[in-house]
Amino acid sequence: MTPQIKRIALTPGEPAGIGPDLCIQIAQGSFPAEIIAIADPDLLQERAEQLSLPLKIQLFDGKHIQTIKQSQPGTLTVLPIQCATPPLCGQLDKQNVTYVLDTLR
């Protein structure tokens, strides 16, 4: 019997915090699961560049929800939710509170 691949959803929390960095770091590894970040893909790409880490983003569109693929190192599947305003590391912006709540929904 072949073990079934699971799907794990990540929410990075406050976009000016370390959550986006952690999502990118997780994407560098190999896991026996499909990792999906519910986040702003532009934020993740920009933060990956700041961290000098490779990151290929694949958008999750929900059309093939029954198809679960094992994550590959350096690749992150993202269910896109846009930030209200571009975040700056370490500087909270209350305009992005809706973004944080949307990623949790």
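In helix 1, the buried residues are Gly19, Pro20, Asp21, Cys23, Ile24 and Ala27. In this predicted model, those buried residues pack against strand 1 (6-10), strand 2, helix 2 and strand 4.

- Cys23 of helix 1, by contrast, is buried and is among the residues with the most contacts inside the largest nonpolar core.

**Nonpolar core**

- The largest nonpolar core comprises 18 residues, and the most contacts inside it are made by Cys23, Ala37, Leu44, Leu55, Leu76 and Tyr99.
- Two or more residues of this core come from each of helix 1, strand 2 (33-39), helix 2 (41-51), strand 4 (75-80) and helix 3 (97-104).
- Strand 2 is the element that gives the most to the core, with four residues.

**Surroundings of Leu55**

- Leu55 is one of the residues with the most contacts inside the core.
- Apart from neighbours within four places in sequence, Leu55 is in contact with Ile24, Ala27, Leu44, Gln45, Ala48, Gly74 and Leu76.

**Overall fold**

- The chain contains three helices and four strands.
- Read from the N terminus, these elements follow the order β-α-β-α-β-β-α.
- The radius of gyration is 14 Å, close to the 13 Å that the globule rule gives for 105 residues, so the chain is as compact as a globular protein of that length.
- The C-alpha trace spans about 50 × 30 × 15 Å along its principal axes.

**Burial, contacts and surface of the chain**

- Of the 105 residues in the chain, 37% are buried.
- Among contacts between residues at least 6 apart in sequence, 71% join residues at least 24 apart.
- The chain has an accessible surface of about 6,600 Å², and carbon and sulfur atoms account for 57% of that area.

Methods
Residues are numbered from 1 along each chain as its sequence is written. This is a predicted model: local features need pLDDT of at least 70, side-chain atom pairs count only at pLDDT 80 or more; totals for chains, interfaces and linings use all residues. Side-chain values use heavy atoms; hydrogens and water are left out. The radius of gyration is taken over C-alpha atoms; the globule rule is 2.2 Å times the number of residues to the power 0.38. Buried means under 20% relative accessible area, exposed over 50%, partly exposed in between (1.4 Å probe, protein chains only). Contact means heavy atoms within 4.5 Å. Accessible areas come from the Shrake-Rupley method with a 1.4 Å probe; for residues, only the protein chains shown count as cover. A nonpolar core is a set of buried Ala, Val, Leu, Ile, Met, Phe, Trp, Tyr and Cys residues joined through side-chain atoms within 4.5 Å.
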